[in-house]
Amino acid sequence: MSNSEQLSTRHLLGIKDLNSNDIQLILDTAQNFKEVLNRPIKKVPSLRDITIANVFFENSTRTRLSFELAEKRLSADIVNFAASSSSVSKGETLIDTVNNILAMKVDMIVMRHPYAGAGVFLSKHVNAQIVNAGDGAHEHPTQALLDSFSIRERLGEVAGKKIAIIGDILHSRVALSNILCLQKQGAEVMVCGPTTLIPKYITSLGVKVEHDLMKALNWCDVANMLRIQLERQDIAYFPSLREYSMLYGLNKQILDSLDKEIVIMHPGPINRGVEITSDVADSSHSIILDQVENGVAVRMAVLYLLAGKRG
């Protein structure tokens, strides 16, 4: 692999560590893997000698399955490890757990953890390469990459496009990764939601802030509807789900009232009838199923490119 075709980083800890060339390389590589996934034989031998541990300290069926499928398609050997977050209340036990896995001679670790920065902490203490599959409400880099890939596939490019991220920005790792990823590709980003769910620091990232759903929808080319993360909310950030969906829920009537076509995305899993209604999720505007399909190709690209940086 020539240097121009190599990532600038040895791990994927967050979008903040990638430059625009890295993002372009990942998306272009994912395009090639998507073609592989549409063949009758979907496997390539690229990572045949590499062992990857999926270490999930938080439940996530969708992300874990997507990574697992990507690893299998690349012919890697896989070790799956699930730990409840209760048994990992201290940083030290995180290292103990991972050292046990490293004793099995693992080359890469795909990790989801409830604490922000867990991947960075780990990368300083173990020799394996780390892929962050979500750390607390901090970052979820592969989700942002697959979202960008899906936008590029539908609209031709990301540069110059207007993306509105709508909903629970405060508790979302998807939002931060998406903002950074989209901006590095030359897109404009707006966040929209109730004041209580928009973090104070967000304006320092150079994004527009809007509290009126219709204004956001009229502005954007793409609306990324985030899931209300009730499991992360220790206090009530809005009176009720019903009131939230009345103010910020997207239905077909609203979509049809716009004087243009916009693309609808959702990182999943959807609370149908809260952020978006079923007729929107299943409409031709929606690229939600494309996002799921593209997730495997993008994760294949990340693992393949990181494997080129081993040693």
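Here is a short chat about a predicted model of one protein chain.

Visitor: Hi! How many helices and strands are in the chain?

Guide: You'll find 11 helices and 9 strands. Keep in mind that this is a predicted model.

Visitor: Okay, let's pick α1. Where is it, and how far does it reach from its first C-alpha to its last?

Guide: Helix α1 covers residues 20-37, which is 18 residues. Its end-to-end reach is 25 Å, close to the 26 Å expected at 1.5 Å a residue.

Visitor: Which residues in α1 are buried?

Guide: Quite a list! Among them are Ile23, Leu25, Ile26, Leu27, Phe33, Val36 and Leu37. Asp22, Thr29 and Lys34 are buried too.

Visitor: And what covers those buried residues of α1?

Guide: The cover includes four other helices: α2 (61-73), α5 (141-155), α6 (173-184) and α11 (288-307).

Visitor: What goes on at the start of α1?

Guide: There, Asn19 has a side-chain oxygen that comes to within 3.0 Å of Asn21's backbone nitrogen.

Visitor: Switching to the whole chain: what is its radius of gyration?

Guide: 19 Å. A compact globule of 311 residues would come out near 19 Å, so the chain agrees with that. Its C-alpha atoms fill a box of roughly 55 × 40 × 35 Å along the principal axes.

Visitor: How much of the chain is buried?

Guide: Buried residues are 55% of the 311.

Visitor: Last one: how much accessible surface does the chain have?

Guide: About 13,400 Å², and 50% of that belongs to carbon and sulfur atoms.

Conventions
Residues are numbered from 1 along each chain as its sequence is written. This is a predicted model: local features need pLDDT of at least 70, side-chain atom pairs count only at pLDDT 80 or more; totals for chains, interfaces and linings use all residues. Side-chain values use heavy atoms; hydrogens and water are left out. Helices (H or I, at least four residues) and strands (E, at least two) are DSSP runs, numbered from the N terminus. The expected span of a helix is 1.5 Å times one less than its number of residues. Buried means under 20% relative accessible area, exposed over 50%, partly exposed in between (1.4 Å probe, protein chains only). Contact means heavy atoms within 4.5 Å. A polar contact is a pair of N or O atoms within 3.5 Å; within protein, one must be able to donate a hydrogen and the other to accept it, and residues adjacent in sequence count only if both atoms are side-chain atoms. The radius of gyration is taken over C-alpha atoms; the globule rule is 2.2 Å times the number of residues to the power 0.38. Accessible areas come from the Shrake-Rupley method with a 1.4 Å probe; for residues, only the protein chains shown count as cover.
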